[in-house]
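Let's take a walk through this structure together, one neighbourhood at a time. Have the viewer open as you read.

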Amino acid sequence: METVETKIENGIGWIILNRPDKLNAINLKMLEELEEVTKNFEENNDVKIIIFTGNGKAFSAGADISQFKELNSITAWNFAKKGRRVMDYIESISKPTIAMINGYALGGGLELALACDFRIAAEEASLGLPEINLGIYPGFGGTQRLVRAIGKAKAMELMMTGDRISAKEAERIGLVNKVVSLSSLKEETINFAGKLMEKSPIALAILKHVILYGNDSPLLDGLNMESLGWGVAFSTEDEKEGVNAFLEKRKAVFKGK
């Protein structure tokens, strides 16, 4: 891989954006590699949780603007479709994903973080979708995911002004789950991942599906999806283990079966 690094540690698959000299700006090569390594981790049974982060002082400062001069209306459309497809894929995988935001998360970088299930940020992080300052707007799903994350009014304000916000402000408006010091960011993120790994991976996968797709459906459809998924969960060995552990007053040990 030229633009990302990967490693597996204690059930966590790490995907590290690795263009630190460019503040981990996202180019076509990075999109292709992100798609490939995410798929590899999704299919790897040793990986329970996937964490995305950046090498250096940025999570990602956005799309690589140096390539924009080479784009025309058709190639720009294709680039946006590629970026959106990768973000859609990251959002849709069954395993929980966490964005560990160590610095700038701007433009496409924030859109990548929005495609993750959880966002944990360092106090020093800066977040925003400043594409309007280039005469364009977010094209990797940001116009839709930001609205769903923080509501229409605040999302429109951030996208139409292009303003950046601090990690603390992002936490206040619900854009990130937790803000910690940079020195404790990795430890806190691993601890959060550890809590998820104690749960049934099947129940987590079904729950993620119901939340993601149920909330984009009419209420009745979402409720029906919830009921069906609940029934499926009862067919698993994990459900039996969870109930038995509760009745026996011990900690459940889920195996994803």
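Predicted model: local features only at pLDDT ≥ 70, side-chain atom pairs only at ≥ 80, totals over all residues.

As a general point, nonpolar side chains in soluble globular proteins tend to be buried together. Here, the largest nonpolar core has 44 residues, and those with the most contacts inside it are Leu34, Phe52, Ile101, Leu127, Leu146 and Leu175. Apart from this core lies another one, of 13 residues, among them Ile12, Ile120, Ala122 and Val180.

Next, follow Ile101 to its own strand. How many residues of β5 (residues 97-101) are buried? Five of its five are, which leaves the strand mostly covered. In a regular strand, side chains alternate between the two faces of the sheet. In β5, Thr97, Ala99 and Ile101 point one way, while Ile98 and Met100 point the other way, and all are buried.

Now look at the partners of β5. Strands of a sheet pair through backbone hydrogen bonds, either parallel or antiparallel. Strand β3 (residues 49-54) pairs with β5 in the parallel sense over three bridges, and isoleucine 51 stands opposite isoleucine 98 in β5. Strand β7 (residues 118-122) also runs parallel to β5, joined by four bridges. There, methionine 100 stands opposite isoleucine 120 in β7.

In α5 (residues 152-161), Ala155, Leu158 and Met159 are buried. Seen down the axis of α5, these buried residues fall within an arc of 90°, so they line one face of the helix. On the other side of α5, Ala153 and Met160 are exposed. What covers the buried residues of α5 includes α4 (142-150) and β9 (165-166). After α5 comes glycine 162, whose phi is positive, near 75°.

Loops deserve a look too. Asparagine 24 lies in the loop between β2 (12-17) and α1 (28-43). Is asparagine 24 buried or exposed? Its relative accessible area is 0%, and buried means under 20%, so asparagine 24 is buried. Not counting residues up to four places away in sequence, asparagine 24 touches Leu17, Asn18, Arg19, Met30, Gly54 and Asn55, as well as Ala58, Phe59, Ser60, Ala61 and Gly62.

Finally, turn to the charged side chains. The count comes to 16 salt bridges. Arginine 148 forms one of them with aspartate 216, the closest N and O atoms being 3.1 Å apart. This pair links distant parts of the chain, 68 residues apart: arginine 148 belongs to helix α4, and aspartate 216 to the loop between α8 (201-214) and α9 (219-233). With 55% relative accessibility, arginine 148 counts as exposed.

The side chains of lysine 178 and glutamate 188 also meet in a salt bridge (2.9 Å, N to O). Lysine 178 lies in strand β10 (residues 178-180) and glutamate 188 in helix α7 (residues 185-197), so the pair ties together parts that are ten residues apart in sequence. Lysine 178 is partly exposed, with a relative accessible area of 36%, and glutamate 188 counts as partly exposed at 25% relative accessibility.

Another salt bridge joins the side chains of lysine 7 and glutamate 9 (3.7 Å, N to O). Lysine 7 is partly exposed at 30% relative accessibility, and glutamate 9 is partly exposed with a relative accessible area of 32%. To finish, find Arg84, Asp88, Glu91 and Arg145, which are linked in a network of salt bridges.

Conventions: Residues numbered from 1 in each chain as written. Heavy atoms only, no water. Buried < 20%, exposed > 50% of the residue type's maximum accessible area, 1.4 Å probe, protein only. Helix = DSSP H or I, 4+ residues; strand = E, 2+ residues; numbered from the N terminus. Pairing = 2+ DSSP bridges. Arc of directions from axis to C-beta. Contact = heavy atoms within 4.5 Å. Core = buried A, V, L, I, M, F, W, Y, C linked by side-chain atoms within 4.5 Å. Salt bridge = Lys/Arg side-chain N within 4 Å of Asp/Glu carboxyl O.
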